[in-house]
Amino acid sequence: MLYNERQNEIINILKRKKNIKVGALAKALYVSEATVRRDLAEMQKLGLIERNHGGAILLEVSDEISMFVRMNENAKEKETVAAKAIPHIPEFKSVFVDSSSTALALAQRLDLTFKTVVTNNLQSALLLSRIENINLVIPGGNIAPASVSITGSRTSRQLESFHFDLMLASCAAVKNTGAYEKSLEQSEIKSVAFENSDKRILLADSTKFDKSGAYLFKKLSEFDLIVTDRLTDDQKSRLDGMPIIC
């Protein structure tokens, strides 16, 4: 297994078992206990897990999980959402790409040459910086280690001075008719970018629907477009009239 794939599998195991010993993880992953301990030490630094009596516990109370985990989770669904969204992207010269891996998946498919791109996610900025002739901007603020993103009141204030032709955003959960976040800081940052954007597109794969989030980002009806990979009949009924593509 590759390094990040193994840590992603550890997260998946902990989601099922809640806590597990190092020896059991080593057997499940077909690696040495020393390798597992190194992985757990790194994951603890990222705020993903807590070491406990020779094993690990998943920190379910943490607001967010790291970008490398989110990029691997539900990758097929995210790619489907990105592909469906592309025909509906308007002409733009400036775009805000939020800290989600889904927005990054779409941004990487777009022609961003000679465009101004603003993101508050360090991993997204690193990947997008490889594009030639891109005007890439990262707002200042506090770094949230788990999500590798920049947050805080300073970030929000800086974003107030921008105007975007387009906003690409996802969310932690879609419940009833609202898009929610688990982090107040992320919700506030996205709200500022939302208000300063001409067209706002929400990218939410089917795993986000009917989940829970503490902080309302925006009502679904406020977005210009919502793109997902699929909806159940019940969800289609409840969201009838919304600007949704699935």
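This is a predicted model: local features need pLDDT of at least 70, side-chain atom pairs count only at pLDDT 80 or more; totals for chains, interfaces and linings use all residues.
Hi everyone, let's start in a loop: Asp210 sits between β12 (197–203) and β13 (215–219). Residues are numbered from 1 along each chain as its sequence is written, and side-chain values use heavy atoms, with hydrogens and water left out.

Asp210 has a positive phi, near 60°, and is a residue other than glycine. Most residues other than glycine have a negative phi. Asp210 counts as partly exposed because its relative accessibility is 36%; buried means under 20% relative accessible area, exposed over 50%, and partly exposed in between, with a 1.4 Å probe and protein chains only. Asn176 is another non-glycine with a positive phi, about 55°, and its place is the loop between β10 (173–175) and β11 (178–181).

Those strands bring us to a sheet. It is open, with three strands in the order β10-β11-β13 and antiparallel pairing; two strands pair if DSSP finds at least two bridges between them. Which strands stand at the edges? They are β10 and β13, each with a single partner strand, so one side of each has no neighbour in the sheet. Ignoring direction, neighbouring strands are turned by 35° against each other on average. Between β10 and β11 there are three bridges, and Lys175 has Gly178 of β11 as its bridge partner. Helix α9 (residues 184–195) packs on this sheet, touching β11 and β13, and its direction makes about 20° with that of β13. For such angles, axes are lines fitted to C-alpha atoms, for helices over the stretch in contact, and the angles run from 0 to 180 degrees between N-to-C directions.

Now for β9, a mostly covered strand with five of its six residues buried. β9 pairs in parallel with β4 over three bridges, where Val95 is partnered with Leu166 of β9. Five bridges join β9 to β12, again running parallel, and there Met167 is partnered with Arg200 of β12.

On to the inside. The largest nonpolar core has 25 residues, and those touching the most other members are Ile89, Val95, Leu106, Leu112, Leu168, Ile201 and Leu203. Such a core is a set of buried Ala, Val, Leu, Ile, Met, Phe, Trp, Tyr and Cys residues joined through side-chain atoms within 4.5 Å. Elements giving two or more residues include α6 (101–107), β9 (164–169) and β12, and α6 gives the most, with five. Beyond its neighbours within four places in sequence, Leu106 contacts Ala82, Ala85, Ile86, Ile89, Leu168 and Leu203, where contact means heavy atoms within 4.5 Å.

Last, a helix pair. α2 (residues 22–29) and α3 (residues 33–45) pack at about 110°, with their axes 9 Å apart. That makes α2 roughly perpendicular to α3, as angles of 65 to 115 degrees count as roughly perpendicular. Val22, Gly23, Leu25 and Ala26 of α2 meet Glu33, Val36, Arg37 and Leu40 of α3. Thanks, all!

Conventions. Helices (H or I, at least four residues) and strands (E, at least two) are DSSP runs, numbered from the N terminus. Angles under 35 degrees count as roughly parallel, over 145 as roughly antiparallel, 65 to 115 as roughly perpendicular and the rest as oblique.
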